[in-house]
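Reader: I've got a model open and a few things to ask about it. Can we go through them one by one?

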Amino acid sequence: MEWKDEGIILAVKRHGESSAIAEILTATRGRSLGLVRGGRSRQMRPVLQPGNIVLATWRARLEEHLGNFAIEPMELKAGLLIGEAMRLAALTTLTAEAQLLPEREPHPRIYEAMRVILDALPDADTWPPLLVRWELGLLDELGFGLDLARCAATGTSEDLAYVSPRTGRAVSRDAGRAYHDRLLVLPQFLKGIQAGAPGPSDVIDGLKLTGFFLDRHVFGPRGVPAPESRHWIVSHLATR
Amino acid sequence: MRRTTGPEIERLIQVLAKLPGLGPRSARRAALHLIKNREKLLVPLTTAMEDARDKVTICSDCGNVDTSDPCTLCRDPRRDRSIICVVEEVGDLWALERAGAWNGLYHVLGGTLSAVEGIRPEDLSIARLVERAGHEGVKEVVLAVNATVEGQTTAHYIIDRLKDLNVATSKLAHGVPVGGELDYLDEGTLTQAMRARRPF
């Protein structure tokens, strides 16, 4: 068995003294793991950092084996991001959450969106709303997509302002007025009707929205907490 | 499988094979070498290991390993007590001491934050570091953690925890290693080196 695909390094675990097990989100084959012989060498360590784009060749005798990766660097982004706290927090959040995807199941939309965010990380105003959209996409790919097109109560697509935490469906301002303290805020930029770049408070609302459903459907059932770095992003945005 | 040696020798080989750098084959050779040099190697090694087992402890101040608590470095009156260098592991502390690059105190974290491994701030010696940094007389905390995503994530977290204290924070420079050739360096290192360029 052999395949070759480009991918983003999500995580690397030490294996023995000189090797490593790399977890890569590939463009067409989804999240894949493999042994990288010599993965802890001086030459390979800078390549095997989360966020780097690589060309991975996977080989194994049988499909169900862990297999071996031969890794070639394409774009080494990690080194460019580690100097700034929020970029690094975004990178850590993205790679940690992408590990929630099932293994060996293609998710090309998530991959492409993740590449877009990685490219946008140097721009402090661009990546936060993209991260919210990416998390919405992640929920969708995991089978827990939110319905933000119409109001769950009235069916209208106008003036949607909330999301029901029970159903994950949008609620219009009028229909939700009486229950607004129990509903999640739907930021305008997620409906594509906001002029200009979303502000920090919009992004925080977005992260609260996706965070609620990620906790309920993904982190909670797996017994793992949300990445610490995600909390840092929210705290940082709150001070801007 | 047919047994070729007694269980004690097999056990010695098995234990040696767990050491870094030794596999089953090299462990067998090491065991044989120890047995052949019983008085010269095996007995002193046994004594040294028993001493280490009985006396080695972890410094309650900095997390270094030594035979006394506080450790030799923490007790050394010639060291500058106003600066603390934070490292991930004891091996990093030893590397800095070998280089003779530091004359202040150290603080060993015991690892890095890792979402993959489930290592959280409370699993590391961060609270103790904040306590030490808050002591009167500490002026600077130097973060000498690895230039990896996990190492730098930990560094940023620590800087955030120290921001309310009246101490300066700094981190190691990234750049071209001694003997390094630009052609073989990764883009990240090259970019960092270019950004951190100095007048010549």
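Reader: How do the residues lining the second largest pocket divide into nonpolar, polar and charged?

Author: This is a predicted model, where local features need pLDDT of at least 70, side-chain atom pairs count only at pLDDT 80 or more, and totals for chains, interfaces and linings use all residues. Numbering runs from 1 along each chain as its sequence is written, chains are lettered from A and ligands numbered from 1 in the order written, and side-chain values use heavy atoms, with hydrogens and water left out. A pocket here is an open set of points on a 1 Å grid over the protein atoms alone, where a 1.4 Å probe fits, with protein on both sides within 12 Å along at least five of seven lines, and lining residues have an atom within 4 Å of a point. Counting Ala, Val, Leu, Ile, Met, Phe, Trp, Tyr, Cys and Pro as nonpolar, Asp, Glu, Lys and Arg as charged, and the others, Gly among them, as polar, the lining comes to 9 nonpolar, 1 polar and no charged.

Reader: Which helix gives the largest share of that lining?

Author: Helices are DSSP runs (H or I, at least four residues), numbered from the N terminus. In chain B, H1 (7–16), H2 (24–36) and H3 (38–55) each supply at least two lining residues. The largest share, 4 residues, comes from H3(B).

Reader: Is Glu135(A) buried or exposed?

Author: Glu135(A) sits in helix H4 (residues 127–141) of chain A. Buried means under 20% relative accessible area, exposed over 50%, partly exposed in between (1.4 Å probe, protein chains only). Since its relative accessibility is 0%, Glu135(A) is buried.

Reader: Which side chain does the side chain of Glu135(A) make a polar contact with?

Author: Look for N or O atoms within 3.5 Å, one able to donate a hydrogen and the other to accept it; residues adjacent in sequence count only if both atoms are side-chain atoms. Beyond four places in sequence, Glu135(A) has contacts (heavy atoms within 4.5 Å) that include Glu97(A), Arg230(A) and Thr210(A). The polar contact, at 2.7 Å, is with the side chain of Thr210(A).

Reader: How many disulfides does a search of the whole structure find?

Author: The test is a pair of cysteine sulfur atoms within 2.5 Å. Cys59(B) is in none, with the nearest cysteine sulfur, on Cys62(B), 3.7 Å away. Over all chains, the count is 0.

Reader: What separates the C-alpha atoms of Gly176(A) and Leu160(A)?

Author: Gly176(A) is in helix H5 (residues 173–176) of chain A and is buried at 0%. Leu160(A) is 16 residues apart from Gly176(A) along the chain, and their C-alpha separation is 9.1 Å.
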